[in-house]
Amino acid sequence: VQGRFKAKIRPDQSSAAEEELRREISKDMFQRMDIIGQFNLGFIITKLGRDLFIVDQHATDEKYNFERLQRETVLKHQTMIAPKPLELTAINEMVVMDNLNIFKMNGFHFHINENGKSTPTYW
């Protein structure tokens, strides 16, 4: 038996559904959620106001641990014998320059030539 969808897709009435899909959840919203229960030993059912949420416990734990490690862990830098000039696109060079602190916390140090004639060098 071939199933059929009962709901009709009507472009003139899709704005409400599109608006729902644009909604985002912020971290502070989790503190305000009411826990309803647990499902299948891995999902927490919660509600916030009139909205119902299914939270993946494993993914939430991974995200929490990743963010904590990113904040707290600083890896030891190991200097290269010979610095390595990097061939980066302008956009990638901007990403490196905008995130030097994050790279440094993860053990990567760069020498940036401020006159703009060469790309960053990893050392």
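F103 comes out as partly exposed, with a relative accessible area of 25%; here buried means under 20% relative accessible area, exposed over 50%, and partly exposed in between, using a 1.4 Å probe and protein chains only. This is a predicted model, in which local features need pLDDT of at least 70 and side-chain atom pairs count only at pLDDT 80 or more, while totals for chains, interfaces and linings use all residues. Residues are numbered from 1 along each chain as its sequence is written, and side-chain values use heavy atoms, with hydrogens and water left out.

F103 has a ring partner. Rings of Phe, Tyr and Trp (its six-membered ring) are taken to pair if their centres lie within 6.5 Å, and planes under 30 degrees apart count as stacked, over 60 as edge-to-face and the rest as tilted. That rule gives 2 aromatic pairs. One of them joins F103 and F110 edge-to-face, at 5.3 Å centre to centre with 80 degrees between the planes. F110 counts as buried, at 16% relative accessibility. F39 and F43 also form an aromatic pair, this one tilted, with 6.4 Å from centre to centre and 40 degrees between the planes. F43 is partly exposed, at 28% relative accessibility.

Now for the overall layout. The protein chain holds 5 helices and 6 strands, where helices (H or I, at least four residues) and strands (E, at least two) are DSSP runs, numbered from the N terminus. Read along the sequence, these elements follow the pattern α-α-β-β-β-α-β-α-α-β-β. Of the 123 residues in the protein chain, 16% are buried. Contact means heavy atoms within 4.5 Å; among contacts between residues at least 6 apart in sequence, 40% join residues at least 24 apart.

β1 (34-39) and β2 run antiparallel and share 5 bridges. Along this pairing, D34 sits opposite K47 in β2, and G37 sits opposite I45 in β2. The two strands make a hairpin with 3 residues between them. Strand β2 is also joined to β3 (residues 51-56), again in the antiparallel sense, by 6 bridges. T46 faces F53 in β3 across that pairing. β2 and β3 form a hairpin too, with 2 residues between them, and G49 in the turn has a positive phi of about 65 degrees.

The loop between β1 and β2 is worth a look for its backbone angles. Most residues other than glycine have a negative phi. N40, which lies in this loop, has a phi near 55 degrees, a positive value in a residue other than glycine. L41 is found in the loop between β1 and β2 as well, and phi of L41 is likewise positive, near 55 degrees.

Next come the pockets. On a 1 Å grid over the protein atoms alone, a pocket is an open set of points where a 1.4 Å probe fits, with protein on both sides within 12 Å along at least five of seven lines, and lining residues have an atom within 4 Å of a point. Grid points are joined across faces, edges and corners, and a volume is the space filled by probe spheres set on the points. The largest pocket has a volume of about 450 Å³. Of the 15 residues lining the largest pocket, those closest to its centre are K27, F30, V55, T60 and Y64. At least two lining residues come from each of α2 (27-32), β2 (43-48) and α3 (57-72), and the largest share, 6 residues, comes from α3. By residue class the lining divides into 6 nonpolar, 3 polar and 6 charged, where Ala, Val, Leu, Ile, Met, Phe, Trp, Tyr, Cys and Pro count as nonpolar, Asp, Glu, Lys and Arg as charged, and the others, Gly among them, as polar.

Finally, M105 belongs to helix α5 (residues 100-105). M105 and E72 are 33 residues apart in sequence and 9.1 Å apart in space, C-alpha to C-alpha. Not counting residues up to four places away in sequence, M105 touches Q70, R71, T73, V74 and L75.

Note on methods. Two strands pair if DSSP finds at least two bridges between them.
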